[in-house]
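My notes follow in the order I checked things.

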Amino acid sequence: MKITTVPARTYVATSKIPGADYVINPYVGCPHKCLYCYAEYMRKFTGHTEPWGEFLDVKLCASPLPARQLFGQQVLLSSVTDPYNPFEQKYQLTRRILTQLVQCQACVSILTKSALVVRDIDLLKQLPACEVGFSFSTADEIIRQQLEPGASSVAARVQALKTVHEAGLATAVMAAPLLPGISDWKRIVEVCLPYTRSFRFDSLNMRPSFQHKLMDFIEVNYPHLLPLYNEIYLQGKRTYWEQLAKDIQNYAATHHLDVEIYCNKPSSFSFTEHTPRPAKAKTLVFPPDEPQLF
């Protein structure tokens, strides 16, 4: 793992994400090593030659956060890194940033796969508004180890969700990305339901930066799902996601859940259909990545 400290002019960037005015990414890179990480495209903007997950840039900024600019604004931590990746325990960038956000009286949303967030409950409770969201692509620990080897375990995440909830903070669960035929969204809801009623669901958006290694994973571990993935990602059929969205809506209505569903949205990439070669991992052909979510 290559760790580098890099100077940063500011931590704050204007957000293009709905619901967030600004976004703060204290790190570049992420040691969670998720197979499906959409942020992998960031590697080509950093000059790193190491594989995604094998480097981390620790951003050091001497300038304080702009208090007037952030007062009462919605700030997201984070969009292209996990603010509570394992190295946050050592560098504490996120904690120092939160200390300033308390002084700015900003409204903060956190999205993480890490149980480390419970360390900062004391600061989070001082914010005028705060929501802590936990991301789950699966509730199966064996699958979690395959897909997200560097992230907190499913049990540790659920326990952290419980701790944050019992501390009186708003909580949410992002069930994403949902991998067709692999992610059991209903099980994710069941294990988290005692500690939140706010759920967001999003589909796996197959990106060029990770398509080959993810399809290799499907080929080896779930070969029976290859026809489904071809139908969704090569042929561009939306039937699977449309039915999934309906199932989630029906479940949410029955269990009185507050849900946001993005599974049935059109893909942000156009796909080029081709005939896969037999006896080899199916290769998907996509246009180049475009920078998003800075």
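Is Thr94 buried or exposed? I note that this is a predicted model. Thr94 has 0% relative accessibility, so I logged it as buried; the cut-off is under 20%. I placed Thr94 in helix H3, residues 93-104. Leaving aside residues up to four places away in sequence, I listed its contacts as Pro26, Tyr27, Pro83, Tyr84 and Glu88.

Next I looked up the salt bridges, and the structure holds 13. One of them joins the side chains of Glu88 and Arg119, at 2.7 Å from N to O. I found Glu88 in helix H2 and Arg119 in the loop between strand E7 and helix H4, 31 residues apart. Glu88 is buried at 0% relative accessible area, whereas Arg119 is partly exposed at 22%.

I then checked Asp120 and Arg95, whose side chains also meet in a salt bridge (2.7 Å, N to O). Asp120 lies in the loop between E7 and H4, and Arg95 in helix H3, 25 residues apart. I have Asp120 as buried at 0% and Arg95 as partly exposed at 21%.

Last, I turned to helix H10, residues 239-255. Its 17 residues should span 24 Å at 1.5 Å a residue, and I note that the end C-alpha atoms are 24 Å apart, which agrees. I recorded Trp241, Leu244, Ala245, Ile248, Tyr251 and Ala252 as buried in H10. Seen down the axis, the buried residues fall within an arc of 130°, so they line one face of the helix. On the face turned away from that side I noted the exposed residues Thr239, Asn250, Ala253 and Thr254.

Definitions and conventions: Residues numbered from 1 in each chain as written. Predicted model: local features only at pLDDT ≥ 70, side-chain atom pairs only at ≥ 80, totals over all residues. Heavy atoms only, no water. Helix = DSSP H or I, 4+ residues; strand = E, 2+ residues; numbered from the N terminus. Expected span 1.5 Å × (residues − 1). Buried < 20%, exposed > 50% of the residue type's maximum accessible area, 1.4 Å probe, protein only. Arc of directions from axis to C-beta. Contact = heavy atoms within 4.5 Å. Salt bridge = Lys/Arg side-chain N within 4 Å of Asp/Glu carboxyl O.
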